Amino acid sequence: MKKNSLLMWIPLFLIFVIILAKKPEEKKINVAILNGPSCIPIVQMMDTDSENYSFEKYADPQGLLPKLLKNEVQIGFLPLNVAAKAYNLSEKIKCVAICGNGNLSLVTKDANIKQFSDIKDKEVYVAGQGSTPEYMFLYLLNQNGIKANLNFSVPTANIPSYLIENQIDYAVLPEPFATIATNKDSNLKKAIDFQEEFKKFNKEFENYPLTVIVCTKDFAKKNPDLINDFLDEYKKSLENTLNHPKIAAEYTQKHELGLNAQIVEKIIPYSSYVYVPANQAKEQIYNLLNIFQQIDKKSIGPKLPDENFFYSE
């Protein structure tokens, strides 16, 4: 009887062991955001005090990227070329969606600057070397068959004050810096819209991707439902941001994301926030990455990322 009783308990014991041994599904997503305009659409998610997400803030992609590659954060926001370069180096991340399109302007007090040819041979200060402003500016100069002198000596955050104080005359700036400059000095104008200039040479595209959402390959494979839940929440937060910029501005300042609420409210309409699944925007993404690679081979790594770069919802 004792032997039969023992045999009866063995299957139950094995089931119990299997349950204990099974790795529990990860429930919380660590989200890495960059201080500045790219994080504005997510601020309402940050304000919900959700148990599903934790948010980590970084000053630049160089600080954020190692955390992604080590799987210490599962979702992040990166410039497209940085995401492509990281994939080429490790294949540990996937591009999930475009969350921000181009928002570059040439800002100046010079009333004679009305079209791209007017900046021929000018000294132009550019926000960030080795980034989209530089590559897009060089591309548009090439397309127009002209040259200009690019200067990277002034930190991006200081360029508006240099323009206001007449220490420099021309600058290529993304949002929010273009609006910060023109808001503080009415003599400063967004003289050239880079997005309109881009469309002249890329008639099939309305704009070009500036920022993308990425996720780690391992987490996406094990937890697609959690990733998709996050994306649904993000889309709601983005919609609320676009419909209620004043509230989004207040949240941005509350969470100390490096921007003043008054400026945030003004830049939201000009910041080209979107949500486009990456696997539905492959042509648009490859078009820009090809441009980057033509300008600088090091901008995205040795090759264009393959199909596994794109996450499918």
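Residues are numbered from 1 along each chain as its sequence is written. Because the model is predicted, local features need pLDDT of at least 70 and side-chain atom pairs count only at pLDDT 80 or more, while totals for chains, interfaces and linings use all residues; side-chain values use heavy atoms, with hydrogens and water left out.

Helices (H or I, at least four residues) and strands (E, at least two) are DSSP runs numbered from the N terminus. In helix 3 (residues 61–69), Pro61, Leu64, Leu65 and Leu68 are buried (under 20% relative accessible area, 1.4 Å probe, protein chains only). These residues cover an arc of only 105° around the axis, so they lie on the same side of helix 3; the arc is that of the directions from the helix axis to the C-beta atoms. Their packing partners include strand 1 (29–34), strand 2 (53–58) and helix 4 (80–90). The N-terminal end of helix 3 is capped by Asp60, with a side-chain oxygen 3.1 Å from the backbone nitrogen of Gln62.

In helix 8 (residues 194–201), the buried residues are Phe194, Gln195, Glu197 and Phe198. They span an arc of only 160° around the axis, which places them on the same side of helix 8. Among the elements they pack against are helix 5 (132–144) and helix 13.

Leaving aside neighbours within four places in sequence, Ser299 is in contact (heavy atoms within 4.5 Å) with Asn81, Lys85, Tyr135, Phe292 and Gln293.

Note on methods: Buried means under 20% relative accessible area, exposed over 50%, partly exposed in between (1.4 Å probe, protein chains only). A polar contact is a pair of N or O atoms within 3.5 Å; within protein, one must be able to donate a hydrogen and the other to accept it, and residues adjacent in sequence count only if both atoms are side-chain atoms.
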